[in-house]
Amino acid sequence: MSTKKTSIGGQALIEGIMMRGPETSAMAVRLPDGTIDTETWPTNKTATIPWYKKAYFIRGIFNMVDTLKVGFACLMKSAEKAGMEEEEPSSFEKGLAKLLGASAAQVMNVLAVVLGLGLALLLFVVLPTFLTSLLRPVVASGGLLALAEGGVKVVIFVCYLWLSTRVPDVKRLFCYHGGEHKTIACYEAGEELTVENVRKYPRFHPRCGTSFLFLVLIISILTASLVTWQSALLRMVLKLLLLPVVVGIAYELIKLAGRYTNPVTRLISAPGLLLQRLTTAEPDDSMIEVAIAAMKPAIPADGQSDNW
């Protein structure tokens, strides 16, 4: 049973883990020679947190953008440290980099972000709306259409996660994800962070990004029921405009579920915990060592400022 709920959160990286504490963030990566490289930096660049990162329903949008930005930078850096970017850039990459006046790595990072966002829009906005719009001649109710569209989204999301587990490199990433959760759970239980202690804790955690994404999905289905079906294109545009509202609500719900333990918060956390059976896997001892190395610098000296 947890005796503490911490605000420290993390992210699985390529052969590593990143942890963000209230004062210090850290990333630990297993290098090709077998050693662990640990890097730390201040979590907040300014002494005070801006109001828009503390205001209810608004803070979720800015905190998510900040989390994605830091997470992507750490992911790219971990790939470099783990030796996955040692290949010589292709002629296409070199030519594009020269044309844009940037390094090949910078260009490919930008392309990765653009392609990732494009794929997300295609899978979770364009495709569900297009497929469901085919039912309009036989289904008159906008509510039923929205429900069908939501079902398509959930199926695509779960299938995407399941297919990801079939990729060996992604499966290894999910093992580090499990190590991150187990380490946080061990810390919350008040036990010393050792491999033996961490190993016995579950790999599922209610304040996981998977739970947040599923909440975003469910809330987007509810808000989409209020959007017109007169035009598929207009519907997609309006859904995109509503995305900040969806993210803001989901963020507050995940904060609520992390702070309290009762039947309502258990219900909020349940779908995400179930999906974590896909997005996490049991880590080996070497991965737990990396998680501990990332966790220790993120723990505040006073042991209190990270209280959730």
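1. A charge sits over a ring if NZ of Lys or CZ of Arg is within 6 Å of the ring centre and within 35 degrees of the ring normal. Keep that rule in mind for the next point. Note too that this is a predicted model.

2. Look at Arg 207. Its charged end sits over the ring of Trp 308, 4.8 Å from the ring centre.

3. Now the ring pairs. How many aromatic pairs does a search of the whole structure find? It finds three. Take Trp 51 and Tyr 52, whose ring centres are 5.9 Å apart. Their planes meet at 80°, so this pair is edge-to-face. The cut-off for that label is over 60 degrees.

4. Are these two residues buried or exposed? Trp 51 counts as exposed, at 60% relative accessibility. Tyr 52 is partly exposed, with a relative accessible area of 30%. Ring pairs also bring in Phe 62, linking Trp 51, Tyr 52 and Phe 62 into a cluster.

5. Next, Phe 124 and Phe 157. Their ring centres are 6.1 Å apart and their planes are at 65°, so this pair is edge-to-face. Phe 124 lies in helix H3 (residues 104-133), and Phe 157 lies in helix H4 (residues 142-165), so the pair ties together parts that are 33 residues apart in sequence.

6. Check the accessibility of this pair. Phe 157 is buried, at 9% relative accessibility. Phe 124 is partly exposed, with a relative accessible area of 21%. The limit for buried is under 20%, so Phe 124 does not count as buried.

Note on methods. Residues are numbered from 1 along each chain as its sequence is written. This is a predicted model: local features need pLDDT of at least 70, side-chain atom pairs count only at pLDDT 80 or more; totals for chains, interfaces and linings use all residues. Side-chain values use heavy atoms; hydrogens and water are left out. Rings of Phe, Tyr and Trp (its six-membered ring) pair if their centres lie within 6.5 Å; planes under 30 degrees apart count as stacked, over 60 as edge-to-face and the rest as tilted. Buried means under 20% relative accessible area, exposed over 50%, partly exposed in between (1.4 Å probe, protein chains only). Helices (H or I, at least four residues) and strands (E, at least two) are DSSP runs, numbered from the N terminus.
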